[in-house]
Amino acid sequence: MQNFFEEDICIIILSNNETINQYRLGNAISDMLHHVDIAAPTKHREIPLNESQLEKYCGTYLKDKIKIEFINGKLYFTRFFGNLHIEIYPVGEGKFARRYYDQIEPYSIVENENGEMMFFGYIKNNL
């Protein structure tokens, strides 16, 4: 019987009690096992924006699920009924990265053809 792996592989998963996206973790492990080349996560360079520029991104994009908030001078991506606050910072026009985590691709908050702000495909509710 032929060995499936050409070499021994050891995967160690460390957690500091933060939530883990099991889907992404599974895909990452699969990519490693199948020798798929992927881009490495990186820390994006912050670009300065004033409060009024940041506030145009604020609002509810999906009720009780996805919200962008400006709290104490910082921008937060708030999820799950306000239970998870992820600090984000601007890295380009309509591009935002998580403050304390490296990312491959920044989040995009952009205007659609009707001038409405969109995040994860959801239109900001202006009510």
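The questions and answers below concern a predicted model.

Reader: Which residue of β2 is the bridge partner of threonine 60?
Author: Strand β1 pairs with β2, residues 66-71, in the antiparallel sense, and three bridges join them. The partner of threonine 60 in β2 is lysine 67.

Reader: How far apart are the C-alpha atoms of leucine 62 and tyrosine 122?
Author: Leucine 62 belongs to strand β1, and its relative accessible area of 28% makes it partly exposed. Leucine 62 and tyrosine 122 are 60 residues apart along the chain. Their C-alpha atoms are separated by 6.5 Å.

Reader: Is glutamine 103 buried or exposed?
Author: Glutamine 103 sits in the loop between β5 (95-98) and β6 (107-111). Leaving aside neighbours within four places in sequence, its contacts are Pro41, Thr42, His44, Phe96, Ala97 and Arg98. The cut-off for a buried residue is under 20% relative accessible area. Because its value is 9%, glutamine 103 is buried.

Reader: Which backbone atom does the side chain of glutamine 103 reach at 2.4 Å?
Author: The glutamine 103 side chain has a polar contact with the backbone oxygen of glutamate 105, at 3.0 Å. At 2.4 Å, the side chain of glutamine 103 reaches the backbone nitrogen of arginine 98.

Reader: How many salt bridges are there?
Author: Glutamate 46 and arginine 99 form one, at 2.9 Å from N to O. Aspartate 64 and lysine 63 form another, at 3.6 Å. Glutamate 87 also forms one with arginine 99, with the closest N and O atoms 3.0 Å apart. The count is three.

Reader: How many residues apart in sequence are the parts that glutamate 46 and arginine 99 tie together?
Author: The side chains of glutamate 46 and arginine 99 meet in a salt bridge. Glutamate 46 lies in the loop between α1 and α2, and arginine 99 in the loop between β5 and β6, so the parts tied together are separated in sequence by 53 residues.

Reader: Which residues are linked in a network of salt bridges?
Author: Arginine 99 has a salt bridge with glutamate 46 and a salt bridge with glutamate 87. Glutamate 87 is placed in strand β4 (residues 84-92) and is buried at 9% relative accessibility. Arginine 99, at 22%, is partly exposed, as is glutamate 46 at 38%. The linked residues are Glu46, Glu87 and Arg99.

Reader: What is the relative accessibility of lysine 63?
Author: Lysine 63 meets aspartate 64 through a side-chain salt bridge. Aspartate 64 is partly exposed, with a value of 36%. Lysine 63 counts as exposed, because its relative accessibility is 64%.

Reader: What is the phi value of aspartate 64?
Author: Aspartate 64 is in the loop between β1 and β2. Its phi is positive, in a residue other than glycine. The value is near 65°.

Reader: What is the phi value of histidine 35?
Author: Histidine 35 is in the loop between α1 (22-33) and α2 (51-55). At 53% relative accessibility, histidine 35 is exposed. Its phi is positive in a residue other than glycine, with a value near 55°.

Note on methods: Residues are numbered from 1 along each chain as its sequence is written. This is a predicted model: local features need pLDDT of at least 70, side-chain atom pairs count only at pLDDT 80 or more; totals for chains, interfaces and linings use all residues. Side-chain values use heavy atoms; hydrogens and water are left out. Helices (H or I, at least four residues) and strands (E, at least two) are DSSP runs, numbered from the N terminus. Buried means under 20% relative accessible area, exposed over 50%, partly exposed in between (1.4 Å probe, protein chains only). A polar contact is a pair of N or O atoms within 3.5 Å; within protein, one must be able to donate a hydrogen and the other to accept it, and residues adjacent in sequence count only if both atoms are side-chain atoms. Contact means heavy atoms within 4.5 Å. Two strands pair if DSSP finds at least two bridges between them. A salt bridge is a side-chain nitrogen of Lys or Arg within 4 Å of a carboxyl oxygen of Asp or Glu.
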